[in-house]
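Keep the viewer open beside the text as you read.

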Amino acid sequence: MFTKIANIFISLFTLLRVIVAGLVSLLYLIVMGAVSLVSGGIGPFLLKPATQQKVFNVLRAFWPNIALNTVIIKSYENTGTVIVTRREDVLDVLSRDADFEVVYGSRMKKLTNGDNFFLGMQPGWDYQRDVSAMRLAARIDDVPNIILPNAQTRSAEIVESAGGKIDMVQDLTLLVPWEMTSTYFGAGGERDAMAEWTTNLFWYLFADLGADEQLDDIAMSDAAALRSYLDDHIAARKAKPTKDDDVLNRCLALQKADTPGMSDLGIRNNLLGLLIGAIPTISKASCFAIDELLNRPEQLAGAQAAARDGNDALMANYVWEALRFNPFSPLLYRRATRDATIAPSTLRRVRVKKGQMVFATTAAACFDPYDLASPGAFKTDRPWETYIPWGYGMHKCFGSAINKAVIPAILKPVLMQKNLRRAPGEAGQINNGTSAFPQHFHLEWDR
Ligand code: HEM
């Protein structure tokens, strides 16, 4: 009885907190938005994760699920946009494949010059065939046995020999995942070209909201180059086999055993998809985590102490919490395959029309006070399930175990350094150059 009464008060208190946070955030957005507009900085203001959280606070309080006729994403066909902010609803959308489909297939087919890749597929045989075969080639056990030790050794060597300063992106966060594709996938190609191709192609597939024609041209040319590299590489490996225990050789062994989906073309397309997913992503997430920690001296000190004490689990918790505040991406999107309802039988119920794009705002979900304790606090004791850094449901990242191991491995030797700081001026800020992903980020420490 007492618990029931307490729960009623807790629910009312949470509702009140959500409404107050919504009102305060609305005021902040009006005032700071006006200031940014006048000073000409409205774009950067809106892109800041902290601003986005304020927008989510307002939506959560007054309009948790909104349906708009406006088309926001131009790169994939759709008839409007539905924004979903409550954690329960975000996870629901990402679990309902029959109602809300992945949309990437049309562009994926342009990149392979024919076939889809499994991230662009709905449930069915094609998806099962490709994922199952690739799971046999890229095994979960490889993470502790091969991938993690390599990433730890290489990151430590790189930081050790850096001489007290480093361009994180070029010398560490792009390099370590590329080396993983080279030695573990067995298909890394030439380093700079591979980093550039995969970065542009990732951008084209997932973040080209305005359907930029110039990016389309770049993507078509980079995809052709990547296909050509992979076709030649697979043919060369078959002509002159190696004994390396890498993903490519395992795919070729599966091909010999007549495994479905493992034709030369199937192997090429699966490797193409994996390569695009692997390099720019790990790099960007690693940069965003350290960037956030550098903005928070107390948490940086905590993460550094954990790194130096060899408390890898605690250090990793700092990293995941930093990525909650500075996420790789604020949302995932899906298209409604048919008319559907989100949050039925609730006051926030929303009707989604067939063809509308649904924004599952994972960044809002990770700050939902209805599901998280003290969402605004930086806490290192949150259960891992709190985080949604690489998706949810059927399409949850194929490389999730890799990411969970490799990102902390890349950052640990950096965090161990004394007086870790940004390089002076602009160099010490993440610089995307002309790309949508970090290209430079200079840090320094005492030797
Ligand atoms: C920090 C690094 C990474 C991040 C943030 C990330 C993010 C994501 C996200 C959000 C999804 C789901 C997309 C959606 O549902 O619309 C996804 C799927 C996927 N990722 Fe990653 N990823 C990362 C690293 C990797 C790596 C290292 C690989 C390759 C080994 C990879 C390969 C894939 C593939 C193949 C899928 C599709 C899975 C499926 O459809 O079943 N990703 N990733």
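Helix H13 has 31 residues, which at 1.5 Å a residue should span 45 Å, and its end C-alpha atoms are 46 Å apart, which agrees. The expected span here is 1.5 Å times one less than the number of residues in the helix. Helices (H or I, at least four residues) and strands (E, at least two) are DSSP runs, numbered from the N terminus. Before we go on, a word on the source: this is a predicted model, in which local features need pLDDT of at least 70 and side-chain atom pairs count only at pLDDT 80 or more, while totals for chains, interfaces and linings use all residues. Residues are numbered from 1 along each chain as its sequence is written.

H13 is mostly covered, with 27 of its 31 residues buried. Buried means that 20 or more other C-beta atoms lie within 10 Å of a residue's own, exposed means 12 or fewer, and partly exposed is in between, with C-beta atoms placed from the backbone. Leu 274 sits in this helix, and Leu 274 is buried because 23 other C-beta atoms lie within 10 Å. Leaving aside residues up to four places away in sequence, Leu 274 touches Phe 185 and Phe 398; contact means C-beta atoms, placed from the backbone, within 7 Å. Thr 198 is 76 residues from Leu 274 along the chain, yet their C-alpha atoms are separated by 9.7 Å.

Which helix gives the most residues to the shell around the ligand? That is H13, with seven. There are 22 residues around the ligand, and Gly 277, Thr 281, Gly 391, Cys 397 and Gly 399 come nearest; a residue is near if its C-beta atom, placed from the backbone, lies within 6 Å of the molecule. The elements giving two or more residues to this shell are H13 (264-294) and helix H17 (400-415). By class, the shell has 15 nonpolar, seven polar and no charged residues. In this scheme Ala, Val, Leu, Ile, Met, Phe, Trp, Tyr, Cys and Pro count as nonpolar, Asp, Glu, Lys and Arg as charged, and the others, Gly among them, as polar.

**Two open sheets**

Strands of a sheet pair through backbone hydrogen bonds, either parallel or antiparallel. S3 and strand S5 (residues 332-336) run antiparallel, joined by two bridges, and Phe 100 stands opposite Ala 336 in S5.

Helix H3 (residues 49-62) packs its buried residues against H1, strand S1 (65-68), strand S2 (81-84) and helix H16 (362-365). Among those buried residues are Phe 56, Leu 59 and Ala 61.

The other open sheet has three strands in the order S4-S10-S9, with antiparallel pairing. Strand S4 (165-167) and strand S9 (418-422) each have a single partner strand, so one side of each is left without a neighbour in the sheet. Three bridges join S9 to strand S10 (residues 442-446), and Arg 421 stands opposite Glu 444 in S10.

Key:
Two strands pair if DSSP finds at least two bridges between them. Two residues are in contact if their C-beta atoms, placed from the backbone, lie within 7 Å.
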